Amino acid sequence: MSGPLAAPIRVTPAQRAVLTALVRRATCPQALALRARIVLEAGAGERNEPLARRLDCTPKTIRKWRARWADAAARLLAVDDDPAALARAIAEALADAPRSGAPGTFTAEQVVQIIDLAGRPPEQLGRPVTAWTPRELADEAVKQGIVGTISPRTVGRFLNGGRSAAPSQPLLAQRQGQG
């Protein structure tokens, strides 16, 4: 047995049921499923080192989620008899911590409205073009009061779903000629 003895955590049968359902749900984000597996295994008495190897993560990750679960234990026990409240409390306990950085400039509602705008024909809104460009969409979003200001580049990122564009043809030809 490797590593120091891990701090024990308690997982009630009701909590185990919610965690197991999370792990089995096909639409569960993988980060959340990993955290649920960590708590399930740690609650069963598994040590940090072997658990980290089996789940392909670091012992530091195991310790972090053990500690977060232990910190949330009182809140979880308080709602243990209410399945809906318990599911919400477990989701909060296993959620990502807030990240540093500036908050988002645009709300999800604004992004959806801009994408919806792109799905309508420009002529329907009185635009003198036959197809939307990011500049035309940005101008129309400001005109309709969806946003106060927005750049065409940001509109383009919304429409591309955050994916970067494919390299240009000259760049591809240049890379193929080198390799």
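This is a predicted model: local features need pLDDT of at least 70, side-chain atom pairs count only at pLDDT 80 or more; totals for chains, interfaces and linings use all residues.
Mean pLDDT for the chain is 87, with 88% of residues at 70 or more.

Now the helix pair. Helix α2, residues 30-43, packs on helix α3, residues 48-55, at an angle of about 145°, and their axes are 11 Å apart. The crossing is right-handed. On the α2 side the contact uses Leu34, Arg37, Ile38, Glu41 and Ala42, and on the α3 side Leu51, Arg54 and Leu55. Five of these contact residues are nonpolar, three are charged and none is polar.

Two of those residues, Arg54 and Glu41, form a salt bridge, with the closest N and O atoms 2.8 Å apart. Arg54 is in α3 and Glu41 in α2, so this pair ties together parts 13 residues apart in sequence. Arg54 is partly exposed, at 45% relative accessibility, and so is Glu41, at 29%.

The whole structure has seven salt bridges. Arg127 pairs with Glu136 at 2.8 Å between the closest N and O atoms, and with Glu140 at 3.1 Å. Arg127 sits in the loop between α6 and α7, and Glu140 is in helix α7, so that pair also links parts 13 residues apart. Arg127 is buried at 14% relative accessible area, and Glu140 is buried at 2%. Shared partners join Arg127, Glu136, Asp139 and Glu140 into one network.

Last, helix α8, residues 152-160. Its buried residues are Thr154, Val155 and Gly156, and they pack against α6 and α7. Gly161 follows α8, with a positive phi near 65°.

How values were computed. Residues are numbered from 1 along each chain as its sequence is written. Side-chain values use heavy atoms; hydrogens and water are left out. Axes are lines fitted to C-alpha atoms, for helices over the stretch in contact, and angles run from 0 to 180 degrees between N-to-C directions. Helices (H or I, at least four residues) and strands (E, at least two) are DSSP runs, numbered from the N terminus. A crossing is left-handed if the near helix is turned anticlockwise from the far one by less than a right angle, and right-handed if clockwise. Contact means heavy atoms within 4.5 Å. Ala, Val, Leu, Ile, Met, Phe, Trp, Tyr, Cys and Pro count as nonpolar, Asp, Glu, Lys and Arg as charged, and the others, Gly among them, as polar. Buried means under 20% relative accessible area, exposed over 50%, partly exposed in between (1.4 Å probe, protein chains only). pLDDT is the predictor's confidence in each residue, from 0 to 100. A salt bridge is a side-chain nitrogen of Lys or Arg within 4 Å of a carboxyl oxygen of Asp or Glu.
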